[in-house]
Amino acid sequence: MTTAPHARTRAAHTGNDEFLLTPGPLTTSLTVKQAMLRDWGSRDKQFIALNARIRDKLVGIAGGEGDYVTVPVQGSGTFAVEATLGTLLPRDGKLLVLVNGAYGERMMKIAKYMGRSAIALSCAEDRTPDLASLETLLSEDKAITHVAAVHCETTSGILNPIAEIADIVAKHGRSLIIDAMSAFGAIPLDVREITCDAIAASSNKCLEGVPGVGYAIIRRAALEKCEGNAHSLALDLYDQCRALDGNGQWRFTPPTHVLAAFDQAVAEFEKEGGVPARNARYSENCRTLVEGMRDLGFETLLPDDLQAPIIVTFHMPADPKFDFTAFYDFLAARGYVIYPGKLTVAPTFRIGCIGQLVKADLEAALAVIAEVLGEMGVTQCGPAANAAE
Ligand SMILES: *Cc1c(COP(=O)(O)O)cnc(C)c1O
């Protein structure tokens with residue numbers, strides 16, 4: 001493990017030797033991890049207050065005070081997405097999903113599992129949804145009741161045009177559900193400007209908590225109409241909300257330590273300066289990474305204007321000396337864990353810029369990348385001509 005002074009300072013801050021350059025779970029602060037060193041009774045007054053505080057603050061981050069409510073659910077982000085779709089969609093409803101990556105696909109799969117009617121408006125992973133087709137579909141298919149969209153599609157790191165999507169969906173009088181998992185807290189999403197009925201996210205992305213709890217921020221007036229919609233007791237957010245609003249307690253065993261860590265993570269998020277500060281830090285990380293990789297000859301999948309400052313997809317170098325497994329292992333052995341790609345459009349890999357990371361961490365990672373390329377004897381980091389297309 002590296003013992004450079006910078007790495008030592010950073011290890012003291014995070015309590016790790018490793019940096020996760022991944023989209024979550026991600027690198028958390030030591031203080032977030034330390035918040036888990038206590039056992040809580042789920043009926044403990046302080047624990048009830050902690051939950052209420054988190055719920056209120058999440059609504060505040062979305063600008064939804066008064067009209068929206070946070071409903072948390074045990075599990076990873078997908079549990080929150082499944083719970084949100086299952087609770088908001090009436091059994092005779094019809095969902096239109098905007099798909100340009102794995103998380104849009106996953107919402108289609110969820111709808112199929114639940115036995116709800118759903119159609120996809122799909123495009124390639126390096127393109128944003130076709131807004132004219134969205135207009136046409138909503139005009140022509142009156143059966144569509146809800147539209148689901150992903151804010152930052154983590155598959156590629158693309159930023160979808162959520163404001164434009166929301167305007168079209170609102171104009172056609174349909175309900176919008178946003179999977180904002182990898183964007184919430186870092187990319188502005190204010191429900192006073194972006195009309196939607198629900199935003200789903202989780203503890204272990206841009207709010208920098210540990211994994212184990214998902215949540216939806218739901219318009220109260222919409223949620224009140226959802227009694228009996230859910231296909232699953234455990235994933236019924238209407239029932240979950242009624243219990244939490246009633247006596248402040250979860251219906252079933254809450255992930256107490258995860259929530260204590262999340263409470264601390266949200267406090268650190270506020271101290272840093274909220275969404276603008278987190279956006280600025282991640283944007284600087286992203287810029288540093290992209291510029292450094294381009295200097296080494298790598299090419300990004302996305303043009304800069306579609307790139308969210310969350311995770312960056314790079315084309316695999318065409319150079320036959322480049323071996324991704326060896327590249328990954330070399331970086332991991334020096335404390336930098338990256339993320340393989342799973343795109344259909346081109347062979348790629350991904351590097352995340354979220355979590356407790358600062359510019360100097362990305363610079364240190366870039367130095368290790370330059371070192372491994374030297375060891376491999378890779379001189380050509382650009383993609384094969386056909387992959388660049
Ligand atoms: C992380 C993520 C999810 C949830 O994934 P889990 O593995 O269940 O946490 C959903 N949507 C997007 C866009 C994500 O980035």
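**Entry 1: T155**

I began at T155, where a polar atom of the side chain lies 2.8 Å from the backbone nitrogen of A102. I also found a polar contact of 2.5 Å between the side chains of T155 and E153, a polar contact being a pair of N or O atoms within 3.5 Å, where within protein one must be able to donate a hydrogen and the other to accept it, and where residues adjacent in sequence count only if both atoms are side-chain atoms.

Before going on I noted that this is a predicted model, in which local features need pLDDT of at least 70 and side-chain atom pairs count only at pLDDT 80 or more, while totals for chains, interfaces and linings use all residues. Residues are numbered from 1 along each chain as its sequence is written, and side-chain values use heavy atoms, with hydrogens and water left out.

I placed T155 in the loop between β6 (152-153) and β7 (158-159); helices (H or I, at least four residues) and strands (E, at least two) are DSSP runs, numbered from the N terminus. T155 is buried, with a relative accessible area of 1%, on a scale where buried means under 20% relative accessible area, exposed over 50% and partly exposed in between (1.4 Å probe, protein chains only). Leaving aside neighbours within four places in sequence, I listed the contacts of T155 (heavy atoms within 4.5 Å) as G101, A102, Y103, E125, T313, K342, L343 and R350. For T155 and L343, which are 188 residues apart along the chain, I read a C-alpha separation of 7.0 Å.

**Entry 2: T348**

I then looked up T348, which lies in strand β14 (residues 348-352) and counts as buried at 6% relative accessibility. Not counting residues up to four places away in sequence, T348 touches T313, F314, H315, M316, G341 and L343.

**Entry 3: the two domains**

The domain assignment, whose bounds come from an automatic or database source, gives domain 1 (5-21 + 274-376) and domain 2 (39-271). I read 28 Å between the centres of the two domains, taken over C-alpha atoms, and found 23 residues of domain 1 in contact with 23 residues of domain 2. The two domains bury about 2000 Å² between them, 59% of it on carbon and sulfur atoms; buried area here is the accessible area (1.4 Å probe) that two parts lose on being put together, summed over both. In domain 1, V275, R278 and L306 lose the most area to domain 2, together 28% of what that side buries.

Across this interface the rule finds 15 residue pairs in polar contact, both residues being at pLDDT 80 or more. On the side of domain 1 that touches domain 2, the elements giving two or more residues are α11 (274-296) and β11 (311-315), and α11 gives the most, with six residues.

**Entry 4: R278 and E208**

Which residue meets R278 in a salt bridge? I found that the partner is E208, at 3.7 Å from N to O, where a salt bridge is a side-chain nitrogen of Lys or Arg within 4 Å of a carboxyl oxygen of Asp or Glu. The count between domain 1 and domain 2 is two salt bridges, and I noted a network of salt bridges that links E208, E272, R278 and R281.

E208 sits in the loop between β9 (198-202) and β10 (213-219) and is buried, with a relative accessible area of 3%. Phi of E208 is near 65 degrees, a positive value in a residue other than glycine. I also noted a cis peptide bond from G24 to P25, with omega near 0 degrees, and P25 is found in the loop between β1 (19-20) and α2 (30-34). As background to both entries, most residues other than glycine have a negative phi, and most peptide bonds are trans.

**Entry 5: other salt bridges**

By this rule I counted 20 salt bridges. In one of them E135 pairs with K171, the closest N and O atoms being 2.9 Å apart; E135 lies in helix α6 (residues 131-140) and K171 in helix α7 (residues 162-171), so the pair ties together parts that are 36 residues apart in sequence. E135 counts as partly exposed at 24% relative accessibility, whereas K171 counts as exposed at 58%.

The side chains of R192 and D190 meet at 2.7 Å, N to O, in a salt bridge, with R192 exposed at 62% and D190 buried at 18%.
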